[in-house]
Structures are given as structure tokens and as C-alpha cells.
Amino acid sequence: MINVILHALPIAIVASTPLLLAVEGELVVQRAGMINLGIEGMLLVAAMTGVIGQQLTHSVAAGFAAAVLGALVVAALFGIFAIRYRADQIVTGTAVNLLALGATGFVYQALRGGELFFVPPMTEWVQRLVVLLGWIVFPIALALLLWMTRFGLRLRASGENPEVLERVAFYRWSALAIEALLAGMGGAFLSLALSSGFAENMTAGRGFIALSIVIFGRWKLRGAIVGTALFGIAAALQYTLQAMNIGLPFHLLLALPYVLTLLILCGIAGRVRAPESLGRN
Amino acid sequence: MRQLAAALAAIVLLSLCALAVGRSPIELLRILANGSIGSRFAIEGTLLKSVPLLLTGLSVALAFRAGVWNIGGEGQFITGAIAALAAARFGVVPAILASMLAGALWASIATAMRLWRNAPEVLTTILLNFTAIHLLGWCVNGPLQERGAQYPQTDLAGAALPVAGELHAGVLLALAASVAAWFLLYRTAEGLRLRATGLNARAATWAGINVNAQLVRAMAISGGLAGLAGGIELLGTTHRLFERFAAGYGYSGIAVALLAQLHPLATIASAMFFGALSTGAGELQRTAGISSNIAVFGQAVVILLLILFGSWRSRD
């Protein structure tokens, strides 16, 4: 068993990097008092704009930039409705997801044919760089930003007790921008590194899994990393199990990540304290 | 009024999609209208599409009214249909009842997780959707695959809803369901308790309402309606299961309910609007090669426009 897990570990780390980036972004946003269900759509749009960016310029850097740009557009849309118009965040997030699903599907069908949506494999060192950023650099940077700076204190205050702040909107917009940067990279990594391009609805619920892990990790970075790692290893076991041919049908194994996430959500033992004003306008 | 404006504005915005693929918006509107209400055949298609939308819309409206975020219509739709197929050998009535029961049970998994482990139903219901989709994938590739096992689909169901011309009895069932939902919400004590819980759970508790019991019932009723949608779709329209059976009806129900301002009777008109949009989009795909994804796009645009025009803003 230990051997199996050790074998699955490197795959797990790489494969759950987009998820971790999304978890980190959603953690920042929820700390600022928002539930962004639209992160699923953010990942999906980023996955698509990342591929288009790379294919038009033949540059991986441009691909990542385009992905972040795409995520920023989705974040702006969510922000306009959830912050500016004080709309219900769950309704807004759901609408944003439908919009992203419809828009990417529309563009995909309109531009399909040709080689636009198939990208060459990403070079090894770029992959390693992103993995390093996601698992080590960003967590440290975010920890410092959120808990060691005045900006971070105020950002968290806008999630706990927005009444005491003057510029709540500014901190919530900043949180959304940080999320877009992280989720944008996550989306790009998904389509450029883990897959050979874009496919319709390719995020397959990763945004929702990220939201669940944020809760499981109790809105703390350490919890987020541990949660993602646990999920990643368990999900990677899926492939090992498939290879071992233990008799579980393939289609049921596909359901495994979601069942796992449900178990993770049920594993929040004891009292969980969410940011006080989470989800309120 | 606001709702009508949002719906019209969405159609105008959608027609601009035509420009993106180098076609005229007027032509797109013409095809959309022709394909959805332009002929007797088109109108029947729209009505048939509206049936599952009406039921998933009612499912969402009831849940949201009670303050329960059931985003799991898709999964409840699927499990309802699977149960209906399994029970169809005993006749069409048991099949319909089985679909409601299965949808209610699938939704109740989320209730149980919420009550025992405090897991938010927004997420658990969504995750249960993905689980149900793969469960369906397994069914149509495994235990329920058709004899001969040629395609990933099941055999024809052992029973079907009575038909009149192109329409099936599901139309009547769906209309009856929306009247029943209206009666429940606005003419019974249970409905008052559900709405009170949704408006302010804390105040409801003070008024002596058992909020947890309301959650259990709201989720079960909501899930039952979505399950019924799946059962009717199977017994009336598709007659068999396949991998993409659910086709987003569960998620579309959210747009349907929101456009109807969560009112069960207004949901009828809302479902017909989105039904027309959906059949019209299908026609666009066939004749103009424009992706039918614009129907999903349209649902999102309607919700966002409703917010812009003043709905779903925070009350405090």
C-alpha cells in the first residue's frame, strides 16, 4: 500500500497543481467575504484563452498571460454583479458558470477544425516551475501577504467585519484579482500542461472541488495544501487502481474524485468557523 | 415587467452572437423564431422541451423559496430517470412514482450531510451531480446496457406515457405540478413555514418552526420534482437512457426559476420561454451551423440582466 502511494505521489503533485492554484485563489476571495462559485467558469475560460494565446503566439508565457486575462474578465464580471450591484453571490456565481460554459462552447464550436485547440506538450522545466510556484512560492507569498501586512489584515477584515472598513470594495476587488491570477495560471496549466489542448467543459467541476477543499482546510493555507495533497493522492490512486484492474468498472472510478470530495466535506469534524461575513454583501 | 425586459434584452444580445460568426443578427432571429414557434411542429417541440424545464424550474423555485441552495437538479434528474427505467416494467405509474422517490432520496443525501456534518448543500448537491453523471455512464455501459451491447444506451423503457399526437401526458403532469406547488407554497401552513424559513431562518426558529425539518422536506420535495422531470423525459420523450441524457436540464432550471421570480405559476411562462430558446437554438445548429451553446449563454445573460434590472440584490 505504501509503495502504491509513493508511486502515485509525483503524479498527484503535478496533476493537482491547477486545483491547488484554484484553492489558493478561492481562499483569498473567501477571506475577503465572498463565495465565488464562478471559479469553475474562471478556470474554464482561462483554459481556453490560454490555448488560444499560446497557439497565436507560439509562446507559453503568452499562453499563461492570455489565461490570466481571461480569468480577469470572468472575475470582473463576478465583481460587477456581486460587489457593485450587491447581487446574491451564489446566483451570480451560477450565472457566471453558465455564461462561461456557453461562451467557451460557442467559441469552441465556431473555431473547431484546424489545429487551434491542440497544443504541443509543455517543456519539462516550465511545468516544474509552475508546480514549484503553486506548492511552495505562492503559499509563502500569500501567507506573508494575508497575515503580515496591513493590506492582508484589511482584506481579511472585509471578510470578518466589513463595517469597520472604509474601502471594503477595494479589498474585495483586490482579492478577486489575486484569485484571477492564480486560477488563470491553474486553467492554463490544465489545458497546456495536463491536456493537449482545450475540450468542452474540461474543468469537470475542479472549481467546486477547490471550494470544498477551502472549507475542509478551514480557510487556512496549511489546510488548503494538506487538503489538496490528500485529494490529489487519492485521485491519483484512481489510475493505479485502474492499472491494477481490481474489477471496479472504469465509469465508477470516474466518479471517485467527486465522492472523495463529498467525503472531504463530511470530514469537517467539530465546529468550523467560516469568515464571519462570508457570502454577505 | 422587469422579467419581460430581461428576456427581450437577452434575445437581442444573443442575436449579436451572429456577428461573431459573420452572419446577420436578423437572419439569426428569424431562424430562432421559426425553429421555436414558426410551425405546428416547432411549437410542439418547444412544448416538449418546456416540460422538463418547468419541473426542474419548480424544483429550484421551491428550494430557493425555502432558503435551500439545491443546485443538484441535474443529478436528481438523472437518478429519477434511472429509477423510472428500472420500475417501468411494472407500468407507467410505478415508474413515475419511482422517479420522484429517487430524486428525493438523491437530494436527501445532501440534506443528511448538511444536518450531520454541516456540509454546505450548495457544494454537495453540485458534487452529487457529477457523481450521478458517472453513475449514468456506468449504467448505460454496464448493467443497463442494451441487449447486443452495441451502443452505450439502454433498451427501450417497458412503459411509456400516453400520447396525443406529438405531445405526451407529461405536459399535463408538469402543469399540474406547478399548480400543486403554488397551492403548497401559498395556500397551506407548510408553505408558510417553508417561505418563513427561507426569508429568515432565525426568525422562523423564534416563531417555533423546526428549521431542520423544513430543510429536510424542502430538499425532498425539490429533489422529487427534479426526479419527476427525469422520469417524464424518459417515459415521454427519449424512452431510453444514454450518456448525455440530462443535457443540462437541471442547471437550466435555475434560470427558469429565477426568471419566474421563484413563483410556481410564473414558472410556466418562464419554462416556455427557455424551451423556445432551446428548440430555436437546436434549429440554429442544424440550419446555420451556429452552436446551440447559445441557449446556455442565453440563460446566463437572462440571470445577469435580471440582476442589472434590480432582482436578486441584497435586501440589507
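Me: What is the handedness of the crossing of H8(B) and H11(B)?
Reply: This is a predicted model. In it, the axes of helix H8 (residues 170-187) and helix H11 (residues 211-238) of chain B come within 10 Å. The crossing of H8(B) and H11(B) is left-handed.

Me: Are H8(B) and H11(B) roughly parallel or roughly antiparallel?
Reply: Their axes cross at roughly 165°. Angles over 145 degrees count as roughly antiparallel. Therefore H8(B) and H11(B) are roughly antiparallel.

Me: How many residues of the contact of H8(B) with H11(B) are charged?
Reply: H8(B) brings B:Gly170, B:Leu173, B:Ala174 and B:Ala177 to the contact. H11(B) brings B:Leu225, B:Leu228, B:Ile232 and B:Gly236. By class, six are nonpolar and two are polar. The number of charged residues: no charged.

Me: Which helix gives the most to the side of chain A that touches chain B?
Reply: The contact between the chains takes 37 residues from chain A and 38 residues from chain B. On the chain A side, the elements giving two or more residues are helix H5 (89-111), helix H9 (206-216), helix H11 (250-254) and helix H12 (256-266). With 14 residues, the one that gives the most is H5(A).

Me: How many nonpolar residues has the side of chain A that touches chain B?
Reply: Chain A puts 37 residues into the contact. Of these, 10 are polar and two are charged. The nonpolar residues number 25.

Me: How far apart are the end C-alpha atoms of helix H10 of chain A?
Reply: H10(A) covers residues 221-244, which is 24 residues. At 1.5 Å a residue, the helix should span 34 Å. The model agrees: the end C-alpha atoms are 34 Å apart.

Me: Which helices do the buried residues of H10(A) pack against?
Reply: The buried residues of H10(A) include A:Leu221, A:Gly227, A:Phe231 and A:Ala234. Their packing partners in chain A are helix H1 (2-15), helix H2 (17-31), helix H6 (124-148), H9 and H12.

Me: Is A:Ser59 buried or exposed?
Reply: A:Ser59 lies in the loop between helix H3 (39-57) and helix H4 (60-84) of chain A. It has 12 other C-beta atoms within 10 Å. A count of 12 or fewer means exposed. So A:Ser59 is exposed.

Me: How far apart in space are A:Ser59 and A:Ala234?
Reply: A:Ala234 is buried in H10(A), whereas A:Ser59 is exposed. In sequence the two are 175 residues apart. In space, C-alpha to C-alpha, they are apart by 34 Å.

Terms used
Residues are numbered from 1 along each chain as its sequence is written. Chains are lettered from A and ligands numbered from 1 in the order in which they are written. This is a predicted model: local features need pLDDT of at least 70, side-chain atom pairs count only at pLDDT 80 or more; totals for chains, interfaces and linings use all residues. Axes are lines fitted to C-alpha atoms, for helices over the stretch in contact, and angles run from 0 to 180 degrees between N-to-C directions. Helices (H or I, at least four residues) and strands (E, at least two) are DSSP runs, numbered from the N terminus. Angles under 35 degrees count as roughly parallel, over 145 as roughly antiparallel, 65 to 115 as roughly perpendicular and the rest as oblique. A crossing is left-handed if the near helix is turned anticlockwise from the far one by less than a right angle, and right-handed if clockwise. Two residues are in contact if their C-beta atoms, placed from the backbone, lie within 7 Å. Ala, Val, Leu, Ile, Met, Phe, Trp, Tyr, Cys and Pro count as nonpolar, Asp, Glu, Lys and Arg as charged, and the others, Gly among them, as polar. The expected span of a helix is 1.5 Å times one less than its number of residues. A residue is buried if 20 or more other C-beta atoms lie within 10 Å of its own, exposed if 12 or fewer, and partly exposed in between; C-beta atoms are placed from the backbone.
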